[in-house]
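Colleague: I would like to learn how to read a model of a complex. Could we go through it feature by feature?

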Amino acid sequence: MSRLRYFARRTAVTAVLIFLVASALFLFFRLMPGDYTSLLIQQGMDPQQIEALRRKWGLAAPLHVQYVRYIVNLLTADVGQSFRYGEPVWDLVAPRILNSFVLVAPAITATYIIGGLFGAIMGRRRGGYLEKSGIITVSAFHSIPDFFLGIILIAVFSSTLGIFPTSGMLSTPTSIMIQDQPYWRRFLLPEFWKHYALPFATVMLYFMQYPALIMRNSVVEVSDQEFLHYHRLKGLPESTLLRKIIRHASLPVVTLYPISLAASISGLVLIEIVFNWPGIGSLLVSSVLARDFPVIQFVFLVAAVWVILGNFLVDLLYGVLDPRVSVSGSDGE
Amino acid sequence: MSVAERVRAYRDSDFAIIARRTLRNLLSERITRFAFGVLLVVLILGVVGPMIAPYPYNEQQTTASGELMRYEPPSLEHPLGTNDRGEDVLSRLLIGARTTLITGLLAGGLMMTVGLSVGMTAGYVGGKTESLLMRLVDFMYGIPFIPFAIVLITFFGAGFYTTIAILGLVLWRFIARVIRSQVLQIKQRPYIMAARASGASTPWIMRKHILPNIANMAGLFFAMGVGLAILEQAGLSFIGVTDPFTPTWGIMIRNANQAGRVADAWWWSFPPGIMIALTVLSLYLLGRGYEGGGDDEVVV
């Protein structure tokens with residue numbers, strides 16, 4: 001199979017996968033017992049009003065009609081309105097996605113750079129004290145529940161030492177003050193960075209394990225290869241050697257980066273709750289409890305598409321970065 | 001067959017030989033010996049913990065004058081102090097050991113069963129079956145676990161065993177992936193071809209030639225699965241969507257955090273947090289401590 005056909009096939013599979021996920025999400029949420037109106041009934045709302053609401057939200061139509069409507073709306077980029085707030089889902093979710101992204105993307109990126117370097121050094125000091133204690137340290141940070149890690153950091157740096165604020169993204173007076181300014185302006189405030197430090201540190205410590213351990217394994221493998229003996233015979237200093245090794249060993253870490261970025265969505269929920277960060281995770285939890293289906297469904301769709309696209313990019317990257325990877329296998333093995 | 005013969009037959013079976021070799025490997029390292037020690041302690045606590053707990057876990061402790069003992073720091077009567085409701089923290093910790101153990105073992109076992117079946121079938125049978133199964137695994141990887149679990153729990157109710165089932169039926173994905181890649185390699189070995197050429201059936205080859213070769217890796221991934229299940233269950237407890245009547249370590253941390261007493265009443269939240277971390281770390285170290293143990297896979 002030619003490379004072009006492989007890419008085309010992979011793209012088609014990805015598109016089908018996204019479509020399937022969207023359908024599965026629709027079915028899954030409609031099969032859940034009770035919709036948003038059942039909460040309103042509990043709150044003692046008039047049945048006639050509820051019937052009107054159900055009609056207004058399109059919940060009264062048969063399932064297949066709802067499904068077709070849902071797919072058509074998705075294709076025209078209309079993701080509906082929040083039951084809870086009556087606002088368009090997109091307006092509600094977009095700033096939250098941005099907030100989560102602002103937290104997780106730099107944190108994971110920094111984790112991969114620092115963790116990768118640390119892993120490379122561990123791999124070069126094979127069997128030494130640094131390697132052994134390093135492996136245990138990064139594993140330990142991944143074994144402490146991420147929410148507990150956050151709690152410890154808050155207890156130490158906020159409650160006891162009082163260096164950082166305990167939660168949120170901005171203090172209330174500041175967020176009222178800047179609400180008329182463009183949204184991105186808040187990310188430039190020093191106050192934002194103070195709120196940012198602890199969640200950032202939590203994400204970093206928790207996710208450090210992957211790049212560090214994988215880089216270590218990869219470096220150990222590469223270190224046994226012959227071209228390195230040649231470089232050493234040439235008399236290259238260790239720092240140059242390390243750079244050459246890293247270039248050869250970084251492929252597994254590079255390909256893992258998008259996957260990790262995607263997978264962190266799940267862990268992010270807990271960290272956002274602990275720090276009261278106004279991101280997608282805390283929105284999701286509160287929406288689930290309020291049965292606000294349009295919001296939940298869309299957040300899930302975003303998360304799933306994010307993961308699928310991540311895997312897709314990894315497959316393409318593999319082909320480009322490492323020409324040895326054969327594209328003749330059935331699934332790009 | 002007499003009992004002695006059965007014992008001897010078991011001792012000489014492939015599995016027993018592999019298990020002994022793996023165990024010896026693991027025990028030769030100081031780190032993994034430490035991990036074994038911790039797990040042994042947790043196991044014993046899980047079995048006898050509720051019996052040796054000094055007080056009923058939900059009994060509110062009072063002083064001699066009948067005053068409720070809230071936020072009592074550690075003392076001889078209450079080695080880990082008391083919490084906001086005046087309950088003995090040590091007793092709650094000991095009760096929690098059992099729920100943690102049950103969660104880990106059951107969910108880990110479930111993950112192992114599904115992951116091993118899917119991974120072995122995909123790896124050995126190949127073809128369309130493999131594509132289909134691996135797309136299923138990809139699909140499972142697309143599920144962000146914590147949000148998905150919250151939705152399922154609001155759907156099915158927050159029972160203790162419901163949570164375990166959800167953990168087990170979603171998190172098997174990483175096991176399936178690793179087992180499949182391992183089986184793909186083993187499949188190429190000459191003795192498998194020889195067995196197939198001499199007419200051995202697929203179930204026979206899987207059981208006799210493939211399973212023993214992935215048994216040690218499967219065991220290590222079981223350890224990691226148990227660790228992952230404990231960690232995720234603690235997370236769900238912390239959010240507050242698990243059964244509130246089953247005392248778990250995660251719920252203890254949640255309560256302390258909700259009461260805003262993490263920093264000053266440290267004896268309340270730190271013991272369960274440290275117990276979770278130690279247990280999970282030991283399980284992860286066992287899973288990774290053995291070199292070449294599929295370390296390039298991400299546990300998500």
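**Confidence, contact and packing**

Modeller: This is a predicted model, and confidence comes before geometry. Chain B averages a pLDDT of 83, and 95% of the residues score at least 70. Over residues 290-300 of chain B the pLDDT is below 50, although this stretch has 30 contacts in the model beyond near neighbours in sequence.

Colleague: How should a stretch of low pLDDT be read?

Modeller: Where pLDDT is low, the predicted coordinates should not be read in detail. In chain B that applies to residues 290-300, where the value is below 50.

Colleague: What ipTM and pTM does the predictor give the complex?

Modeller: The ipTM is 0.83 and the pTM is 0.83.

Colleague: Now the packing within a chain. By what are two packed helices described?

Modeller: By the angle between their axes and the distance between the axes. In chain A, take helix H7 (residues 146-160) and helix H13 (residues 251-275): the angle is about 25° and the axes are 8 Å apart. Angles under 35 degrees count as roughly parallel, so H7(A) and H13(A) are roughly parallel to each other. H7(A) passes H13(A) in a right-handed crossing.

Colleague: Which residues make the contact between H7(A) and H13(A)?

Modeller: H7(A) uses A:Asp146, A:Phe147, A:Gly150 and A:Ile151, while H13(A) uses A:Gly267, A:Leu270, A:Ile271, A:Val274 and A:Phe275. By class, six are nonpolar, two polar and one charged.

Colleague: And in chain B, at what angle do helix H2 (residues 14-27) and H10(B) pack?

Modeller: The angle is about 40°, and the axes are 9 Å apart. That angle makes H2(B) oblique to H10(B). The crossing of H2(B) past H10(B) is right-handed.

Colleague: Which residues of H2(B) and H10(B) meet?

Modeller: From H2(B), B:Asp14, B:Phe15, B:Ile18 and B:Thr22 meet B:Pro212, B:Ala215, B:Asn216 and B:Gly219 of H10(B). This contact has four nonpolar, three polar and one charged residues.

Conventions:
Residues are numbered from 1 along each chain as its sequence is written. Chains are lettered from A and ligands numbered from 1 in the order in which they are written. This is a predicted model: local features need pLDDT of at least 70, side-chain atom pairs count only at pLDDT 80 or more; totals for chains, interfaces and linings use all residues. pLDDT is the predictor's confidence in each residue, from 0 to 100. Two residues are in contact if their C-beta atoms, placed from the backbone, lie within 7 Å. Axes are lines fitted to C-alpha atoms, for helices over the stretch in contact, and angles run from 0 to 180 degrees between N-to-C directions. Helices (H or I, at least four residues) and strands (E, at least two) are DSSP runs, numbered from the N terminus. Angles under 35 degrees count as roughly parallel, over 145 as roughly antiparallel, 65 to 115 as roughly perpendicular and the rest as oblique. A crossing is left-handed if the near helix is turned anticlockwise from the far one by less than a right angle, and right-handed if clockwise. Ala, Val, Leu, Ile, Met, Phe, Trp, Tyr, Cys and Pro count as nonpolar, Asp, Glu, Lys and Arg as charged, and the others, Gly among them, as polar.
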